Amino acid sequence: MWEKFSKQLTHYTEAERERIRVAFDIAEHCHHGQTRGTGDPYITHPVAVARELISLKLDASTIVASLLHDVLEDCKITKKDLENKVGVEAAFLVESVTKLDHVRYQGFERKVESTRKMFLAVAEDIRVVLIKLADRMHNMQTIRGLTPEKQKRVAQETLEIYAPLAYRLGIGEWKGELEDLSFPIIYPDEYKWLTGEVKNLLPKRKKYLDKILPVVMGHLESGGVYPVSIDFRTKRYYSLWRKLLRNNLDLERITDLAALRIIVNSIEECYQALGIIHSLWRPLPGKIKDYIAMPKSNGYQSIHT
Ligand code: MN
């Protein structure tokens, strides 16, 4: 298993890879014989959590701590042992993640306490929260292993606390995934309706984008703008659902179900590209958003039209 895992560690130094290997061995040893609710060997969980954090290129101590994030709870190992084996910094991160798990109370009180703890953790060391978010993501991906009541509680907490936190931190991918994993559990009927509707409409919208993509590309290049990439993204289900609630559930009013995404090298080129596109198609009133001049509160910047 290490063989396959270590292939992802290309941007870490030899010494860092060695520390990560030590953590991997401890985790494998500790969780030996334990299984997840899904029936999978337990080690698949810390490994999946580490993989998410590796994809964000986080530092070696974060990766070490993510592999070990459940060992204080689940195995006979102490913080002191961890300090000796993987260093004070990683041991501190593991202990902080473990502490975050302990929330008393039920219902609203519980929400208040979890939120407060998360914000304190952000202030103390942001890496603790990043590990916790990656942990929650894999727990949501494997949520079928829990009872229906527990699934509802975890998904609700994900929607109320974890997804907004990921958004705050500017990790849009994680926010979108956390929401879309929770959506069918919290609103099963609405989810079923929405996915059915989208299945009918999306192919038409995509076909249109396929047709205009080369046109846009040609005009950008003849206008002297050379995109780094140009593709299209489809709107996430939960975010689409929220938007529909504001638009009388009328899917025809959602103009960005599928949208062209153009990435360029500079801010100047963003505005040049916008000018070129508006010379080809007349913009829709009220649908132009300049998040470059006016970034979203989490720092997000781009232009929408
Ligand atoms: Mn975990």
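Start at the manganese ion: along the sequence its donor residues follow the pattern H-x23-H-D-x64-D. Select His45 (NE2), His69 (NE2), Asp70 (OD) and Asp135 (OD), the protein donors, which sit 2.2 to 2.4 Å from the ion. Donors here are N, O and S atoms within 2.8 Å of the metal (3.2 Å for Na, K and Ca), and with water not among the atoms, sites may look incomplete. You're looking at a predicted model, where local features need pLDDT of at least 70, side-chain atom pairs need 80 or more, and totals for chains, interfaces and linings use all residues. Residues are numbered from 1 along each chain as its sequence is written, and side-chain values use heavy atoms, leaving out hydrogens and water.

His45 is in helix H3 (residues 44-55), while His69 is in the loop between helix H4 (60-67) and helix H5 (71-74), 24 residues apart. Helices are DSSP runs of H or I, at least four residues, numbered from the N terminus. Both His45 and His69 are buried, meaning under 20% relative accessible area with a 1.4 Å probe, protein chains only.

Next, jump to Asp180 in helix H11 (residues 172-186). Asp180 counts as buried because its relative accessibility is 16%. Leaving aside residues up to four places away in sequence, Asp180 touches Arg236, Tyr237 and Tyr238; touching means heavy atoms within 4.5 Å. Zoom in on the side chain of Asp180: a polar atom there lies 2.8 Å from the backbone nitrogen of Tyr238, and one lies 3.2 Å from the backbone nitrogen of Tyr237.

Definitions and conventions. Helices (H or I, at least four residues) and strands (E, at least two) are DSSP runs, numbered from the N terminus. Buried means under 20% relative accessible area, exposed over 50%, partly exposed in between (1.4 Å probe, protein chains only). A polar contact is a pair of N or O atoms within 3.5 Å; within protein, one must be able to donate a hydrogen and the other to accept it, and residues adjacent in sequence count only if both atoms are side-chain atoms.
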